[in-house]
Every structure is written in C-alpha cells, then in structure tokens.
Amino acid sequence: MRTEVLTVQTGSRPTVRDITAEAERFVAGQGDGLLHVFVPHATAGLAIIETGAGSDADLLTALDELLPTDDRWRHRHGSPGHGRDHVLPAFVPPYATLPVIDGHLALGTWQSVCLVDPNGDNPTRQVRLSFLPA
C-alpha cells in the first residue's frame, strides 16, 4: 500500500473543497486498484458530488438546515453550535473508497472528491490518501 497525507487549508468558514486533482495526481501511473481517502478529524467528512454548479453551496445549506448551528447540542466547546460539527461524520462520512483504472480515478462525468468542513475553528485539515494496487 502506498500512502500520503495532504494538508488542506479550509479557512475559517464552512467549506466544500474539491480535492479531485490532488487525488488524481496521487494515483497517476499506479495502474488498477483502489484509492481510500480518509479525513482523520471528528468534524469533517468526504463527499463525492458535483461542484461548480452550486451543489457544493447546496450541500452546506442542506447541512445547515439538517444540523443547525444553535444551542441544542450537548457538545459545547468551540464556536456556538460547534456540537453539530461533531455530528456531521454520521451524515458525511470521513472516508471514501474509489476505483482506480489504469492510473485514473473511475469517477462519473460530474463527480468530484470533496472535503466537507463546516468547522471554522480548524482552518487546516489533513487528508490521507492510500492506494491499494490490484
């Protein structure tokens, strides 16, 4: 298995960050296998979605509606409503496994690999890419 850790700057606002290009570079020339992407954080996740046409903003809006940043959460350290960030991985998992064919991600036409980070308290995230050859 080959593995590498990316450092991703997500800033101080909720964001959906497309990391497809970084994942493609990692598997380039590797042949067939599986790419496992993992975010070792309790308040971030990964989504395979379309970006650039508003879906990334729609995802953040949907998360705000489903998991509001108010005082209902028992987990209360950090910014107001931060407890909801700790619930996020139950809805947007911190991992994804993708097929790699001939050194390229086998994504659909409009699919992108995205880091979903609603937590403005942590502006830097780690993403582990691991390639398992066939």
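A residue is called buried when its relative accessible area is under 20%, exposed when that area is over 50%, and partly exposed in between. In this predicted model, Pro123 has a relative accessible area of 38%, and is therefore partly exposed. Pro123 is placed in the loop that links strand 7 and strand 8, and, when residues up to four places away in sequence are not counted, it touches Val8, Gln9, Thr10 and Gly11. Although Pro123 and Pro14 are separated by 109 residues in sequence, their C-alpha atoms are 9.6 Å apart in space.

Five strands make up an open sheet in the order 1-8-3-5-6, and their pairing is antiparallel. Strand 1 and strand 6 (104-105) are the edge strands of this sheet, each of them pairing on one side only. Strand 1 and strand 8 run antiparallel and are joined by eight bridges, and Arg2 stands opposite Phe131 of strand 8. In general, the strands of a sheet pair through backbone hydrogen bonds, in either a parallel or an antiparallel manner. In the loop between strand 5 and strand 6 lies Asp102, which has a positive phi of about 50 degrees despite not being a glycine. Most residues other than glycine have a negative phi. Asp102 is exposed, because its relative accessible area of 59% is over the 50% cut-off.

The antiparallel pairing of strand 4 with strand 7 (residues 112-117) extends over five bridges, and Ile48 is found opposite Val113 of strand 7.

Helix 2 (residues 55-66) has 12 residues, which at 1.5 Å a residue should span 16 Å, and this agrees with the 16 Å between its end C-alpha atoms. Within helix 2, Leu59, Leu60 and Leu63 are buried; they cover an arc of only 95 degrees around the axis, and therefore lie on the same side of the helix. An α-helix has 3.6 residues a turn, so residues three or four places apart point the same way. Asp58 and Glu65, by contrast, are exposed on the other side of helix 2. The buried residues of helix 2 are covered by elements that include strand 2, strand 4, helix 3 (83-87) and strand 7.

The largest nonpolar core has 19 residues, of which Ile19, Val27, Leu35, Val37, Leu105, Val127 and Leu129 touch the most other members. At least two residues of this core are supplied by each of strand 1 (2-9), helix 1 (20-27), strand 3 (33-38), strand 5 (95-101), strand 7 and strand 8 (124-133). If neighbours within four places in sequence are left aside, the residues in contact with Leu129 include Leu6, Ala23, Phe26, Leu35 and Val37, as well as Arg2, Glu4 and Glu22. A second, separate core of 12 residues includes Leu60 and Leu63, together with Trp73 and Leu88. Leu60 and Leu63 are also among the buried residues of helix 2.

Notes
Residues numbered from 1 in each chain as written. Predicted model: local features only at pLDDT ≥ 70, side-chain atom pairs only at ≥ 80, totals over all residues. Heavy atoms only, no water. Pairing = 2+ DSSP bridges. Helix = DSSP H or I, 4+ residues; strand = E, 2+ residues; numbered from the N terminus. Expected span 1.5 Å × (residues − 1). Buried < 20%, exposed > 50% of the residue type's maximum accessible area, 1.4 Å probe, protein only. Arc of directions from axis to C-beta. Contact = heavy atoms within 4.5 Å. Core = buried A, V, L, I, M, F, W, Y, C linked by side-chain atoms within 4.5 Å.
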